[in-house]
Amino acid sequence: MASLHHKALDSISVSDIEALGIPASIALKLYKDVSEIINTHGPSSPQTWTLLSKRLLHPLLPFSFHQMMYYGCFRDFGTDPPAWSPDPEAAMLTNVGQFLERRGKELLGSTYKDPISSFSHFQEFSVSNPEVYWKTVLDEMSISFSVPPHCILSKNTSRPGGQWLPGAYVNPAKTCLTVNCKRTLDDVVIRWRDEGNDDMPVSSMTLEELRSEVWLVAHALNALGLDRGSAIAIDMPMTMESVAIYLAIVLAGHVVVSIADSFAPPEISTRLKISEAKAIFTQVITYFLP
C-alpha cells in the first residue's frame, strides 16, 4: 500500500526532494539525474529502477529518498511492488522471458511491454484464460500427446477445481527424446562431471547419443516381458546412466521407484516391498582396503 502514498517519479519536484532534508544544490542535481533517466526510459520501466539504484542511490542519502524513488517507480505496479527485479537482459534469457517475447503481444495485446513490467498482467491472464494460456504453453513446449485431451480444463467433474487435460495420455520420456523445431539430434542435452574427477573436463551427451542409450535399456526391459505399468526401482547415484535408465523405464511404460544410493539394505528392502518392484537397477562398488 505504501506505493500509493508516493508520487510517480515524473511528478516529483525539487522541493519534494528538499523536503526530505536534502540540501538544495544536491536536490537539484538529483532531480536533473532522475529527469534524465525518465526521459530515456520512462517513469516506471525496469531499466528506470536499475539505473536509479545504480547511479543515484547510496547510503549517504536519506532512506526516505530511497523510498521516494522506489515507490515512485513502482507506483503503478500494484499493492505489492517487487523487492528485487532481475536485469532486463537476463530476464529475456529465461524461459518465461523468451515465451513472453514471442507470444506476449498475442496474449496481452497492446498492453505488453516487456517480460518484467508485464509479468503481473501475464499472471492475471494465465488465471483468467486457462484454456488459451495452457494451450499456448503446451505448444511452446512441443508436448506430444499419445492421445490428445478433450479440452484443457473440464469443470464438469466431481474433482475440486475441475480436471486438467481430461482423456489425455502422454509419455514424458518420449517428449524429452523427440526432435522438434527447437531441438536437433546434435544438441547437447546432458552435461556432467564424474564424482572424484574434479580436474577432468566436463562431459556432455547429445540428444542422438542419449536416445541410443535410452532405447538400448528400453528394449532390454521389453525383453523381460513385464506387464505394462510394473514398478522398476533405481538404486544408483545420480549419473548419466541413471538418467538414461530413468527415461527408459518411463519410455517402456513402467513406473520408476527412486531409491537413494545412500540407503542401508533394510531401507532399500522396505521400499522394494512397498512398491512391489519387479526389477531393480543398481551397481556394484568395489572397495580396496589398505
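The structure is a predicted model, in which local features need pLDDT of at least 70 and side-chain atom pairs count only at pLDDT 80 or more, while totals for chains, interfaces and linings use all residues. Residues are numbered from 1 along each chain as its sequence is written, and side-chain values use heavy atoms, with hydrogens and water left out.

Leu-165 is placed in the loop between strand S2 (163-164) and H9, helices being DSSP runs of H or I with at least four residues and strands runs of E with at least two, both numbered from the N terminus. Although Leu-165 is not a glycine, its phi is positive, at about 50°. Most residues other than glycine have a negative phi. A positive phi, of about 55°, is also found at Glu-276, which is likewise not a glycine. Glu-276 belongs to the loop between helix H12 (265-275) and strand S7 (279-281), and at 56% relative accessibility it counts as exposed. The loop between S2 and H9 also contains Ala-168, which is partly exposed with a relative accessible area of 24%. The C-alpha atom of Ala-168 is separated by 6.9 Å from that of Phe-145, a residue 23 positions away along the chain.

In soluble globular proteins, nonpolar side chains tend to be buried together.

The structure holds 8 salt bridges, a salt bridge being a side-chain nitrogen of Lys or Arg within 4 Å of a carboxyl oxygen of Asp or Glu. In one of them, the side chains of Lys-7 and Asp-16 meet with an N to O distance of 3.0 Å; Lys-7 is partly exposed, with a relative accessible area of 44%, whereas Asp-16 is buried, with a value of 19%. Another salt bridge joins Lys-135 to Asp-139, the closest N and O atoms being 3.4 Å apart. Both residues of this pair lie in helix H8 (residues 130-140), 4 residues apart, which corresponds to about one turn of the helix. Lys-135 is partly exposed at a relative accessible area of 48%, and Asp-139 is partly exposed at 45%.

A further salt bridge is formed between Lys-182 and Glu-140, with the closest N and O atoms 3.3 Å apart. Because Lys-182 lies in the loop between H9 and S3 while Glu-140 lies in helix H8, the pair ties together parts that are 42 residues apart in sequence. Lys-182 counts as partly exposed at 46% relative accessibility, whereas Glu-140, at 12%, counts as buried. Lys-182 and Glu-140 also belong to a network of salt bridges in which they are linked with Arg-102, Arg-103 and Glu-106.

On the surface, Asp-186, Asp-194, Glu-208, Glu-209, Glu-213 and Glu-241 gather in a patch of negative charge. Patches are made of residues with over 30% relative accessible area and no salt bridge, like charges being joined within 9 Å and nonpolar side chains (Val, Leu, Ile, Met, Phe, Trp, Tyr) within 5 Å. Accessible areas come from the Shrake-Rupley method with a 1.4 Å probe, and for residues only the protein chains shown count as cover. Asp and Glu count as negative and Lys and Arg as positive, with His and the chain ends not counted, and the place of a charge is taken as NZ of Lys, CZ of Arg, CG of Asp or CD of Glu. Helix H10 (residues 207-223) contributes the largest share of the negative patch, 3 residues. Asp-186 lies in the loop between helix H9 (172-177) and strand S3 (188-192), and is exposed, with a relative accessible area of 61%. Helix H10 also contains His-219, which counts as exposed at 58% relative accessibility. The C-alpha atoms of His-219 and Tyr-169, residues 50 apart along the chain, are separated by 21 Å.

How values were computed: Buried means under 20% relative accessible area, exposed over 50%, partly exposed in between (1.4 Å probe, protein chains only).
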